[in-house]
Amino acid sequence: MSKICQITGKKAMVGNNVSHSNRKTKRKFNVNLFRKKFYWVEEDCWISLNVSAAGLRTINKIGLDAALKRAAEDGFLNA
């Protein structure tokens, strides 16, 4: 499974490690992802999602159904 949030679409960014002598080497900034199960009341079933911490806050703020609809419109859900 790729490291992409299914709600917000966040994925790993690339940047540099910068040493004290100012040498730069490539590094990755990974997303804070969780594999989480949610109970979807409208469909009366459990679903598993890869969500970031920001995705959890979005679900808490607007609700699971609205967050899933928004993610489907933006093309972040792959099922």
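Trainee: What share of the residues in the protein chain is buried, and what makes a residue count as buried?

Mentor: In this predicted model, buried residues make up 27% of the 79 residues. A residue counts as buried because its relative accessible area is under 20%.

Trainee: Why is the protein chain called more spread out than a compact globule?

Mentor: Start with the elements, which run β-β-β-β-α-α from the N terminus on. The radius of gyration of this chain is 16 Å, while the globule rule gives 12 Å for 79 residues; 16 Å is well over that, so the chain is more spread out than a compact globule. The C-alpha atoms fill a box of roughly 55 × 20 × 20 Å along the principal axes.

Trainee: What makes a set of residues a nonpolar core, and which residues have the most contacts inside the largest one?

Mentor: Its members must be buried, come from a set of residue types that includes Val, Leu, Ile and Phe, and be joined through side-chain atoms within 4.5 Å. The largest such core has 13 residues, and Ile7, Phe38, Leu49, Val51 and Leu64 have the most contacts inside it. Strands S3 (33-40) and S4 (45-52) and helices H1 (53-62) and H2 (64-74) each give two or more residues, with H2 giving the most, 4 residues.

Trainee: Which residues does valine 51 touch, leaving aside its neighbours within four places in sequence?

Mentor: Among them are Cys5, Ile7, Phe38, Leu56 and Ile59.

Terms used: Residues are numbered from 1 along each chain as its sequence is written. This is a predicted model: local features need pLDDT of at least 70, side-chain atom pairs count only at pLDDT 80 or more; totals for chains, interfaces and linings use all residues. Side-chain values use heavy atoms; hydrogens and water are left out. Buried means under 20% relative accessible area, exposed over 50%, partly exposed in between (1.4 Å probe, protein chains only). Contact means heavy atoms within 4.5 Å. The radius of gyration is taken over C-alpha atoms; the globule rule is 2.2 Å times the number of residues to the power 0.38.
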